[in-house]
Amino acid sequence: MDSVNKSLALCLVRMKGNKIISLETDRLIIRSFSPDDWQDLQEMAIQYQASEWAKYEDPWPTSTEEVKGMAKWFASGDDYLSVCLKTTGKLIGLIAINRRKEQEERVHNLGYVFHPDYHGQGYATEGCRAAMDYVFGQLAADGILTGTHPANEPSVGLLKKLGLKGIDGGEFAISREEWLALD
Ligand SMILES: CC(C)(COP(=O)(O)OP(=O)(O)OC[C@H]1O[C@@H](n2cnc3c(N)ncnc32)[C@H](O)[C@@H]1OP(=O)(O)O)[C@@H](O)C(=O)NCCC(=O)NCCS
């Protein structure tokens, strides 16, 4: 589909019912969470909570105890992926790909938070494209449906750049067919 796809290496190992996911792009490793990710996750959570965008979503925990619990919970399932720089291994973002259970078809959410020090460099686009490729390819999704506040311009811009279209109720969606038709 694009350079992300060409450079995408996919590794899946089954362990305790959960997949260990590892996706590689030009600059990023997008992988399953580890409980040891808590420090980078805490740094990102504190920065995010202090940002102008946090008011549009439920508050994130920021205390050490809470963030350790959050990292452990992320690491126990397949729904949350950590986005790390290839060069240093630093965790710079999180992508959520949980399946939306209320939908009859296989429809997944797409959520994301990136550390502000790494905004505006195309990392979110690169990471989300790889995650979408995984969702449509490996998880055989019928579509992606997600919501964001209309005033959250970076988030709306990212979703549009990824090919999602605004639908009723302020949500954004892309079908499998639309994803496959993208250049
Ligand atoms: C949304 C977010 C992940 C975008 O990250 P990013 O690293 O800046 O994204 P990219 O560099 O890949 O940019 C992708 C597109 O987003 C849009 N965008 C990014 N920053 C923007 C800004 N400040 N204003 C308007 N649009 C912006 C643009 O359309 C951009 O494409 P372009 O560079 O071709 O113009 C980041 O701003 C973030 O983590 N926000 C806080 C978390 C959040 O609000 N999540 C959504 C909750 S629903």
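Trainee: Which helix gives the largest share of the shell around the ligand?

Mentor: That is α5, which contributes 6 residues to the shell. Before going further, note that this is a predicted model, in which local features need pLDDT of at least 70, side-chain atom pairs count only at pLDDT 80 or more, and totals for chains, interfaces and linings use all residues. Residues are numbered from 1 along each chain as its sequence is written. Helices (H or I, at least four residues) and strands (E, at least two) are DSSP runs, numbered from the N terminus.

Trainee: And how many residues surround the ligand?

Mentor: There are 21, and the closest are His119, Ala124, Thr125, Pro154 and Gly157; a residue is near a molecule if its C-beta atom, placed from the backbone, lies within 6 Å of it. At least two residues of the shell come from each of β7 (111-114), α4 (123-137) and α5 (153-161).

Trainee: What's the split into nonpolar, polar and charged?

Mentor: The shell has 9 nonpolar, 9 polar and 3 charged residues, where Ala, Val, Leu, Ile, Met, Phe, Trp, Tyr, Cys and Pro count as nonpolar, Asp, Glu, Lys and Arg as charged, and the others, Gly among them, as polar.

Trainee: Back to α4, how many of its residues are buried?

Mentor: In α4, 12 of the 15 residues are buried, so the helix is mostly covered; buried means that 20 or more other C-beta atoms lie within 10 Å of the residue's own, exposed means 12 or fewer, and partly exposed is in between, with C-beta atoms placed from the backbone. Among the buried ones are Tyr123, Ala124, Glu126 and Arg129.

Trainee: What about α3, which residues are buried there?

Mentor: Val67, Met70, Ala71 and Phe74 are the buried residues of α3. They lie on the same side of α3, because they cover an arc of only 100 degrees around the axis, the arc being that of the directions from the helix axis to the C-beta atoms.

Trainee: What do they pack against?

Mentor: They pack against α2 and β4 (80-85), with contact meaning that two C-beta atoms, placed from the backbone, lie within 7 Å.

Trainee: Changing topic, is Asp58 buried or exposed?

Mentor: Asp58 is exposed, because 5 other C-beta atoms lie within 10 Å, and this residue sits in the loop between α2 (38-49) and α3 (64-75). The C-alpha atoms of Asp58 and Gly157 are separated by 21 Å.
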